[in-house]
Amino acid sequence: MISIPILQPSLLYSKIYTPTIPSMTSNTTPPSGIASATYEGISPAWYAFRLNGSDGWQSQNNVFPSYVQYNYQSAIIPRAYTYNLRVGPGTFSLSWQLQASNNGSSWTTLDSNVSVPVVFGSPVPIIKFNNSTSYTYIR
């Protein structure tokens, strides 16, 4: 669940921190997975995975929890991720969870962050976490 209005998850990493989501051009293209979200009125879910540096997915204002998710066609072992903040300028306090599932209904929290100060325009590190379980859904 992502509890901020605009976020671009950007890259999810597996194994030796190799990006696992290709740049998308629709919710189902390329066919390696499917993007979806709680809300797509402002921007479609696949914008979160477009990876062009200017687009991002935006949730409905003040509606929480909100999420954007990716359903892999083949399971991966997620171990790190990064994101890009698509609003600015200023400093924002963000809270989010990275969750995973194999059925799209029972979720495991892989990483959780509460009230993290993020300065627009500053580099975002790769966030690493311990995990040895494979999953097909990430949100």
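**Exercises on a predicted model**

Skip the neighbours within four places in sequence, and R50 is in contact (heavy atoms within 4.5 Å) with S23, M24 and D55. This is a predicted model, where local features need pLDDT of at least 70, side-chain atom pairs count only at pLDDT 80 or more, and totals for chains, interfaces and linings use all residues. Residues are numbered from 1 along each chain as its sequence is written, and side-chain values use heavy atoms, with hydrogens and water left out.

**Exercise 1.** Work out where R50 sits and how exposed R50 is.

*Solution.* Start with the place: R50 is in the loop between β3 and β4 (57-58); strands here are DSSP runs of E, at least two residues, numbered from the N terminus. Next, check the surface: R50 has 26% relative accessibility, so R50 counts as partly exposed (buried is under 20% relative accessible area, exposed over 50%, partly exposed in between, with a 1.4 Å probe and protein chains only). Finally, look along the chain: P22 is 28 residues away, yet the two C-alpha atoms are separated by 8.0 Å.

**Exercise 2.** Find the cis peptide bond and place its proline.

*Solution.* First, the bond joins T29 and P30, with omega at about 0°. Then place P30: that residue lies in the loop between β2 (18-19) and β3. For background, most peptide bonds are trans.

**Exercise 3.** Describe the backbone and surface of S115.

*Solution.* Begin with phi, which is near 50° for S115, a positive value in a residue other than glycine. Now locate S115: strand β8. Last, S115 has a relative accessible area of 46%, so S115 is partly exposed.

Note on methods. Helices (H or I, at least four residues) and strands (E, at least two) are DSSP runs, numbered from the N terminus.
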